[in-house]
Amino acid sequence: MPTGLTPFHEELLALLKDAKRARRRNGQQCSLREIEKALKHSPGTSLTYQRISDWTSVKSQTGQPKTPVLPSPGSSEEVIALVRLLSEWAGRTLDNEHEHEWRTLHDRSQRDRGLATRARVDAGGLDRRVVLAGLASVPTVSPLFEGRRDELTRLDEMLSGSDQVPVAAMYGLGGVGKTTLAARYVQTHAERFTLVWWITADTPATLDASLAKLAVALDLDTVPSTQEERATAAVGWLAEHQGWLLVLDNLPGPEGLPPRLQRLGDVGTVLVTSRRSTGWRGVTTLPVTILPPEDATQLFVRTVRTDWSDADLTGIEALCAELDGLPLAIEQAGAYIAQTRITPAHYRELLADYPARTFTKTAEGGSAQPALARVWHVTLDRLADTPAAGRVLRRLAWYAPDNIYRALVIGTSPDLDEVDALGRLAAYSMITLDANTICIHRLVQAIARDPDTADLHHQPEGIVQARATVVECLGQALRGLDYQRPADWPAFQAVIPHALALLDHTSSDDDTRESCVLGLIVARFVFDQGDAVTAVQLFTRVSDSLERLCGRDDLYALEARSGLGEACGVAGNVDRAIPLLKASLSDHERVLGPDHESTIIARGNLANGYRSAGELHLAVSLHQAVVADCERVLGFDDQRTLVARADLGATLADTGDASAAISILEAVHIGLATALGSEHPTILTVQTELAKAYASIEDLDRAVALLEKTNRVQRRVIGLDHIHSLIARDGLASAYRSRGETDRAISIYKDALEGCEKTLGPDHRGTLIARCNLADAYRSAGEFERAVPLLEASMSGHERILGPGHPDTLIARKKLAYAYREARNLMPAARLYRAMLEDRCRAVGGDHPDSLDLQADLACIYLLADNFKRAISLYENTLTSRERVLGPVHPQTLDSRHNLAFAYRVSGDLHRAIPLYEAALAGYEQVFGRDQKNAIIARSNLAGACGATGDADRAIRLYKLALADAEKVFGIDDDLTESIRANLSFATSSDGRSKLSFTPISVARRRSLQLPESQDE
């Protein structure tokens, strides 16, 4: 599929493919001419063959990939007519909800037209621009800007001259003027760019928030969506448009530069400002130093004379030197002199009261901090008549520096003294204000947080009180909100950066119970959003501090320990998770009693921990106990009871008991939909688990339909990069892959892996699974050069992070061994299978399903190597054990019977092969019905064996039955269908009848004849 497809195109092409498949099964056509003919009967529709082709064709007449044509404005009704027809042919239901989603996709595609023009920066200057940074404009460049001519010239050459580079970085001390210089360049050269966007990049969270606001400014999304989805949409827009400029202000260092922005260098330009001077490999850099004496003097003169034209500025050269030529300090000192009408000499006398040696140089400010600290003290002395000014400034020191909502600082009904204090602080250039938010320089914050008993403005008790007030304000902003309710997420996202900044600037020794409760709320939110690593850090700190402050039995301490166990499990640290969850349950039972709601939740958390660790039998037993407790204590229809049943159903599906899982999950889905609504995140999670259960019994159409519906809703409600969306997308890719749509599956797997790496991090368990699934999909597509290295890396990651005994690690090792097997690299495959078999037999015994799976896989390797004796011996042992352990008609027992028959067949022992084929076929039809893939393969293989014995009539009859079933189920063009058709054609030919010997399906690739023993895909 070509690049550049809009979501509208992707959905339309997928629908067209489903319609074609369904029509072929019924012996009907789905050509564009047939579509045109059918649409002639739709009122108000005049779609022609050419227009339908333009909308749906992904290849040009020369066969080259191309992006389909976007329907023109005003064609919404024709789009819906086409979608309605294709949905009917595909057997889908197009209800009002789905029709609304199609209209939204179409309308959104229309809004993409001409965005580059609408988003273009006004060439008249930044005062009339449409570009915003967060909630504030691109930093306004004061008309007092002075100097920097050499830096501006070099910057111009780097960004638009003959030496133009895709990424440039300016570095220098905090307060030296990097931000102002970048803003000046934008003001001067805005007309060169189709779009300019200013991003506060001091943390990944603020960077993503600014990208998300770009999507809003470009009107890429008018429906509710999460920050992650909007940020992704913005990057996608940038990739498809040229000539833009992104400014990443205050990036911590080169490691913070997102790779997805670096990759856009061929279509736009990224300008970085940072204090870091080293490590910028491959990035062109520009150092920004302090102002030369003449420029510093001129900046001071212009700053003062803007408000005091006849000021006596004798001695300003000495004053500028004492301020180290630092623009931020010069501007603040100049603003002070203009406001107070004193001379530079007088101001130097004030500075003398605060000698530079009293201010510690810190990594945060470097040598800029002493000069700025002295200016800061002089200004606060002047603001002594506004007592609230120091109080508010100390409060602001604990927030993140940008986008501080006023209400988070002074409340929604503020004290008028504090409102006045904000105005005066802004007048003296200590902060920057707009209608809704406050910004403050990081160096000013660092100085305001520094306690000193000898300094009136740095009294420790005042700083501690300011921090406590900020904790209260942030906690109040989150009070009554639900971290699992998408409607509340924007409020959380506005608070979280400031709460994290507060905790980052506070030692755990200074934690209070109130700050711990705030940290616990933040930990719960980031954990629910998929950031298990940050959650582990927060839960650990909160748990330790609460035990120290309040004792081990404090209710919040109990919750923090339970949350820590959950987060460790999801992060893959099972060895730490299980003991924590066991201890948490024991503490809950001791403190609250066995039937308390929190105790039951802790019991469920332990059950989920066992599931994450692969201890499924323990998980099922404990989940069953939790369900019984919930029904007894909370009631049969309570939401928490329904969620407990959903956990049990999902775990049963993991054990392979799909029928029980489906029965439970279908009932839970109905109950929760009634209680919570069809778009609640919990419902979407249950839908994903239910779809996976459908897929496990090869009810792929139901699985795909449910996952497609889930993905559509998640895209709108929780965003594509939420952990639950990533899990559902991975499940959808697996369903497409099982249905034979490997290319489509690989595309979705790649998107899911990128989302996991971005949202969850490279070592998260979900990321490991996504990487393994993508690699295995490459293997299915025959792309071994991609599959094998990725699978080797995946196995190494699983062993390093989850440990060699974790079930996920076993799956990763099996998929690598299977890739070796597929590539006919049999020696490493055999070594890996033998090692896994020995490990599992030691750990769980020879009759464990895992051990039997591996034994069958090893038998297949011997069969491929023509070592029939060892292969048959292992297959016979596997079948005997499975009949004893699982029963005679268990799906895995049937697979073993079929595989043993195949081994006898290729070894020439047809008289043993045919009865086993007949028994396997009867079992498949009994359990799954005759239309199931394994039943069709078994029937075709039985036909081949009959033909090899000379029973041509029976062989032909069986081939015809297998072909009819394959055409009905998989379509006339499926590989399996074509193989059976070729065998039937050969069987009915005179040559075929005379030889009475038939070529089995894909005899050169025996693996296609052998049913996969591993059902972990």
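## A partly exposed phenylalanine

A residue is called buried when its relative accessible area is under 20%, exposed when that value is over 50%, and partly exposed in between. In this predicted model, phenylalanine 928 has a relative accessible area of 31%, and therefore counts as partly exposed.

Phenylalanine 928 is found in the loop that lies between helix 42 (910-927) and helix 43 (933-948). Together with Val889 and Val927, Phe928 makes a nonpolar surface patch of about 200 Å².

Strand 4 runs parallel to strand 5 (residues 244-249), and six bridges join the two. Tryptophan 197 stands opposite leucine 246, which belongs to strand 5.

## A buried aromatic pair

A pair of aromatic rings is described by the distance of the centres and the angle of the planes. The structure holds four aromatic pairs, and one of them is formed by phenylalanine 527 and phenylalanine 539, an edge-to-face pair with 6.4 Å centre to centre and 80 degrees between the planes. Because phenylalanine 527 lies in helix 23 (residues 513-528) and phenylalanine 539 in helix 24 (residues 532-550), the pair ties together parts that are 12 residues apart in sequence. In contrast to the partly exposed phenylalanine 928, both phenylalanine 527 and phenylalanine 539 are buried.

Technical notes: Residues are numbered from 1 along each chain as its sequence is written. This is a predicted model: local features need pLDDT of at least 70, side-chain atom pairs count only at pLDDT 80 or more; totals for chains, interfaces and linings use all residues. Side-chain values use heavy atoms; hydrogens and water are left out. Two strands pair if DSSP finds at least two bridges between them. Helices (H or I, at least four residues) and strands (E, at least two) are DSSP runs, numbered from the N terminus. Patches are made of residues with over 30% relative accessible area and no salt bridge: like charges are joined within 9 Å, nonpolar side chains (Val, Leu, Ile, Met, Phe, Trp, Tyr) within 5 Å. Accessible areas come from the Shrake-Rupley method with a 1.4 Å probe; for residues, only the protein chains shown count as cover. A salt bridge is a side-chain nitrogen of Lys or Arg within 4 Å of a carboxyl oxygen of Asp or Glu. Buried means under 20% relative accessible area, exposed over 50%, partly exposed in between (1.4 Å probe, protein chains only). Rings of Phe, Tyr and Trp (its six-membered ring) pair if their centres lie within 6.5 Å; planes under 30 degrees apart count as stacked, over 60 as edge-to-face and the rest as tilted.
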